[in-house]
Amino acid sequence: MNRRTLCTLLVLAVPALAEAPQQAAFHVKNSFSIKVPKGAQRVRVWFAVPQEDAQSRIRNFSVVADVPVTYEDDSWGNRVGYLDVRSTAAEKIAVREEFDLVRTEIRNRMDPAATRPLTDWERTALSRYLQPTTNVVINDKVKALSASIVGGEKNPVLAARKIYDWTLQNVDYWVKDPDHLKASPVGSTEYCLLSKTGNCTDFHSLFASLAMAAGLPTRIVYGSLLKPTLNGVEVDGSYHCWIQFYAPKLGWLPLDVSLANIYGKPFPLTEKNKKLVELTTATGYKGLDPSKVDYYFGSLDDRRVVWSVGRDLMMQPPQDEGPVNALAKAYVEVDGKQSSDWTRELTYKEIAQ
């Protein structure tokens, strides 16, 4: 079963909350500008496109580019845009994708009684979601820490909640204190565990390592938060990531411990961190809100777009420089070598449904 099928078959935890899930609709523009070095013989670009799942409906998708674009699935089943330019005299390559998105909130009440421990055959069938990657490691230190946190708990909802709570309490989002904290450039379990800080990818890399070490199938979803503060603003909306873990009888369940850390753990708001904190949230920051801790364990707001799932991606056609860490924006190679000489600007405007 591929990733798209799993997403489509995602079953929400029961019983459902009485309040109906909210929906939001957006017109999204995602623009890339890739610099072509003088004398370059070949430039290849793989760029993220919006993924449809049970909560995301994509309409009116279009791409305008300087060269032809094709679409293939990567090794995790993500649909990816691809262009291949040879011996061009152009100094840059421009790509702009636009689409309309209707996104539905995920609302779950996480009931441990509605699931059961995973069987050996389930873990075998979901084995790819138990494997480490380059930056999501499972070593003796991670295994020992995971065991001390989970304490032998086999119920996947209860085990995931223990890891969620530990991560929430022991790691701080770097935007809270930008003078002294920072994120890793790659999203790293080891960095997050050592420094006890990071961005969303650091948080969720550590969560994924601890969960997989406990035998809990886990995957990282890359997307963007469509923040109210950036609605209609011509500035890059960046990216965000969150977690899905698997529980029998319930399917893939989401959580976002990095946003729970912003809303649910007290910290002083200052002139230096105020704007960063606001731009990190999905729905705006109005101070401490402990209810978000329970909310983000199983539920996700409707202001999100999904770009890809998974780490250590192999593209199609394959890239030359080995696995791509993640695809939240684009991956570029010039003459067979990875290039970072490109920019992305994500803008969006809320629209009527």
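Two rings of Phe, Tyr or Trp (for Trp, its six-membered ring) count as a pair if their centres lie within 6.5 Å; planes under 30 degrees apart make the pair stacked, over 60 edge-to-face, and the rest tilted. With that in hand, here's a cluster to look for: Y263, F267, Y285, Y295 and Y296 group together as one aromatic cluster. Keep in mind that this is a predicted model, where local features need pLDDT of at least 70 and side-chain atom pairs count only at pLDDT 80 or more, while totals for chains, interfaces and linings use all residues. Residues are numbered from 1 along each chain as its sequence is written, and side-chain values use heavy atoms, with hydrogens and water left out.

**Aromatic pairs**

- You'll find 19 aromatic pairs in the structure.
- One of them is F99 with W307: the ring centres are 6.1 Å apart and the planes sit at 85°, so this pair is edge-to-face.
- That pair ties together distant parts of the chain, since F99 is in strand β6 (residues 92-104) and W307 is in strand β12 (residues 304-309), 208 residues apart. Strands here are DSSP runs of E, at least two residues long, and helices are runs of H or I, at least four, numbered from the N terminus.
- F99 is buried, at 0% relative accessible area, and W307 is buried at 0% too. Buried means under 20% relative accessible area, exposed means over 50%, and partly exposed is in between (1.4 Å probe, protein chains only).
- Y246 and W252 also pair up: their centres are 5.4 Å apart with planes at 65°, so they are edge-to-face.
- Y246 is buried at 18%, and W252 is buried at 1%.

**Charges over rings**

- The charged end of K292 sits over the ring of Y263, 5.1 Å from its centre; the cut-off is NZ of Lys or CZ of Arg within 6 Å of the ring centre and within 35 degrees of the ring normal.
- R79 has its charged end over the ring of Y71, 4.2 Å from the centre.

**Helix α4**

- Buried residues in α4 include P156, Y164 and W166.

**A buried loop residue**

- T133 lies in the loop between α2 (120-125) and α3 (140-150), and T133 is buried at 19%.
- Leaving aside neighbours within four places in sequence, T133 is in contact (heavy atoms within 4.5 Å) with R311 and D312.
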